[in-house]
Amino acid sequence: MNNPLPLAQWLCTNRHPQHVVAFAGQKLWTQADLINDVQRIYGWLKTQPGEHWALCFDNSYDFLAALLATLHAGKTPVIPGHRREAQLREQQNHFYGVMSDTALNLSCPVINPQDLICMPVQPFEPVHANAGVVLFTSGSTGEPAQIFKSLQALDEEIAWLAALWGDGLCNCRVVGSVSHQHLYGFTFRIMLPMALGLPGDAAMIHFPEQLAAHSSHPLLFISSPAFLKRLDVNLTPPDVKRVISAAGKLDDDTAKMARAWLKQPVSEIYGTTETGVLAWREHSPSAPVWQPFPLVNFIAQEDGWQVASPLTDNNPVQLDDILEFTPQGHFRLSGRRDRIVKIEEKRISLSEIERRLLTLPGIEDAAVVPIMRANRIALGAVVVVGEQGGDKQRWRVALRAWLEPVAIPRYWRIVERIPLNSQSKRAWTQLQELFDETR
């Protein structure tokens with residue numbers, strides 16, 4: 001396969017106008033379509049004063065067009081990772097306006113690019129050398145943290161992935177069960193197919209039946225452990241050339257089941273929003289070790305590990321995972337140091353949930369813990385209420401404005417004025433005892 005094309009050249013390439021960029025069912029979008037759609041958004045954006053624009057799209061092709069228009073217009077795309085109005089209102093100081101394929105009731109400008117009229121054709125300005133995108137990740141305190149990813153780092157990351165797997169992906173279509181609104185999906189469903197010239201599915205796969213229906217072309221399947229666990233082996237499998245999983249640890253049983261059905265071992269990626277990709281492994285043997293990418297440098301610290309690579313401008317970044325290295329330079333993951341948990345491959349901050357709970361009427365104190373049931377993690381909350389008591393159903397409804405569904409506690413214990421300190425060992429022991437009583 002040819003060398004991957006840097007993002008700044010995606011619209012300035014000799015790719016044929018009828019080259020297929022994206023698809024959704026039988027609908028195809030070509031390179032010519034992409035240039036026209038970017039041109040419409042670009043012409044409008046050039047007239048707008050704001051420098052930062054949030055992109056909130058379900059459709060990956062529409063997201064791609066808005067992304068390129070924003071970058072060529074000399075502005076910075078902001079990828080909040082969701083379309084929840086309440087949370088977007090809290091984040092409005094990070095962007096001037098929002099482009100979205102859904103109506104949003106916000107005080108800032110909100111535009112659906114489909115509503116824009118065609119502007120006179122004008123040549124695209126080159127993408128700035130220091131351009132990049134802004135994403136968000138859960139901080140240990142529960143406050144979403146801004147992460148700036150330079151295009152140089154994003155292009156470098158794709159070069160690593162292309163060197164590792166690119167030769168086996170010729171003629172593949174890229175489909176995925178993960179969202180392009182987070183770095184993993186953005187990297188593998190937007191950056192990788194565009195850089196390698198592979199058509200990408202504009203829709204996200206939600207059910208195994210949708211995956212099985214992709215039977216007419218060989219596939220690169222971008223997935224997660226949660227989706228792989230739900231595969232229906234009674235369906236006729238599609239022609240998958242490679243399946244990649246990330247955003248959560250893949251267990252051996254799920255990997256074996258997926259390999260038997262898809263006729264391909266699962267390739268797994270390890271990384272973070274802050275660092276980009278760090279290592280990979282392939283589930284051919286059981287419990288494989290992680291192989292770092294060649295330019296990634298792991299630095300031992302008294303309290304864990306830091307990592308530096310060209311993807312971080314060689315600036316060390318602290319890891320919250322606990323790593324155990326082998327003499328050969330491989331490693332295993334053996335837990336986490338922070339209060340972030342992965343549920344259904346979503347990064348959930350326990351501190352953020354506690355912070356949200358404390359804003360609800362009737363709750364004076366709260367602590368949240370992960371609860372394991374039948375090999376699945378759910379969340380439990382112990383809340384301290386005043387004399388008026390509490391209504392957990394009303395609290396659940398209120399939390400939906402800010403949180404992912406999997407971040408809303410399933411198990412509740414309502415108590416009266418028991419002092420809780422979520423950072424102390426005594427409080428954690430007390431919480432576990434309280435949950436043990438209710439199960």
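This is a predicted model: local features need pLDDT of at least 70, side-chain atom pairs count only at pLDDT 80 or more; totals for chains, interfaces and linings use all residues.
A search of the whole structure gives 17 aromatic pairs. In one of them, the ring centres of W160 and F293 are 5.7 Å apart and the ring planes meet at 25 degrees, so this pair counts as stacked. W160 belongs to helix α4 (residues 151-165), whereas F293 is in the loop between β15 (291-292) and β16 (297-301); the pair therefore ties together parts that lie 133 residues apart in sequence. W160 is buried, with a relative accessible area of 10%, and F293 is also buried, at 4%.

One aromatic cluster is formed by Y270, W290, F298, W305, F325 and F331. An aromatic ring also takes part in a contact with a charge: the charged end of R173 sits over the ring of F23, at 4.3 Å from the ring centre.

**The β16-β17-β18 sheet**

Three strands make up an open sheet in the order β16-β17-β18, and their pairing is antiparallel. The edges are taken by β16 and β18 (317-318), each of which has a single partner strand, so one side of each is left without a neighbour in the sheet. Strand β17 (residues 304-308) runs antiparallel to β16 and is joined to it by five bridges. A300 has W305, in β17, as its bridge partner. W305 is also a member of the aromatic cluster that includes F298.

T30 is located in strand β2 (residues 27-30). This residue is buried, with a relative accessible area of 10%. The T30 side chain reaches the backbone oxygen of P17 at 3.3 Å. When neighbours within four places in sequence are left aside, T30 is in contact with P17, Q18, H19, V20 and V21.

Helix α1 covers residues 31-45; at 1.5 Å a residue its 15 residues should span 21 Å, and the end C-alpha atoms are 21 Å apart, in agreement with that value. Eleven of the 15 residues of α1 are buried, so the helix is largely enclosed by the rest of the structure. Among the buried residues of α1 are R40, G43 and W44.

Those three residues are also the contacts of M119, once its neighbours within four places in sequence are left aside. M119 lies in the loop between β6 (110-111) and β7 (132-138). M119 is partly exposed, since its relative accessible area is 29%. Between the C-alpha atoms of M119 and P370, which are 251 residues apart along the chain, the separation is 52 Å.

The relative accessible areas of the individual residues discussed above are collected below.

| Residue | Relative accessible area | Class |
|---|---|---|
| W160 | 10% | buried |
| F293 | 4% | buried |
| T30 | 10% | buried |
| M119 | 29% | partly exposed |

**Helix α9**

Helix α9 (residues 350-357) is largely enclosed by the rest of the structure, because seven of its eight residues are buried. The buried residues are L350, S351, E352, I353, E354, R356 and L357. At the start of α9, a side-chain oxygen of S349 reaches to within 3.0 Å of the backbone nitrogen of E352. E352 is itself one of the buried residues of the helix.

Definitions and conventions
Residues are numbered from 1 along each chain as its sequence is written. Side-chain values use heavy atoms; hydrogens and water are left out. Rings of Phe, Tyr and Trp (its six-membered ring) pair if their centres lie within 6.5 Å; planes under 30 degrees apart count as stacked, over 60 as edge-to-face and the rest as tilted. Helices (H or I, at least four residues) and strands (E, at least two) are DSSP runs, numbered from the N terminus. Buried means under 20% relative accessible area, exposed over 50%, partly exposed in between (1.4 Å probe, protein chains only). A charge sits over a ring if NZ of Lys or CZ of Arg is within 6 Å of the ring centre and within 35 degrees of the ring normal. Two strands pair if DSSP finds at least two bridges between them. Contact means heavy atoms within 4.5 Å. A polar contact is a pair of N or O atoms within 3.5 Å; within protein, one must be able to donate a hydrogen and the other to accept it, and residues adjacent in sequence count only if both atoms are side-chain atoms. The expected span of a helix is 1.5 Å times one less than its number of residues.
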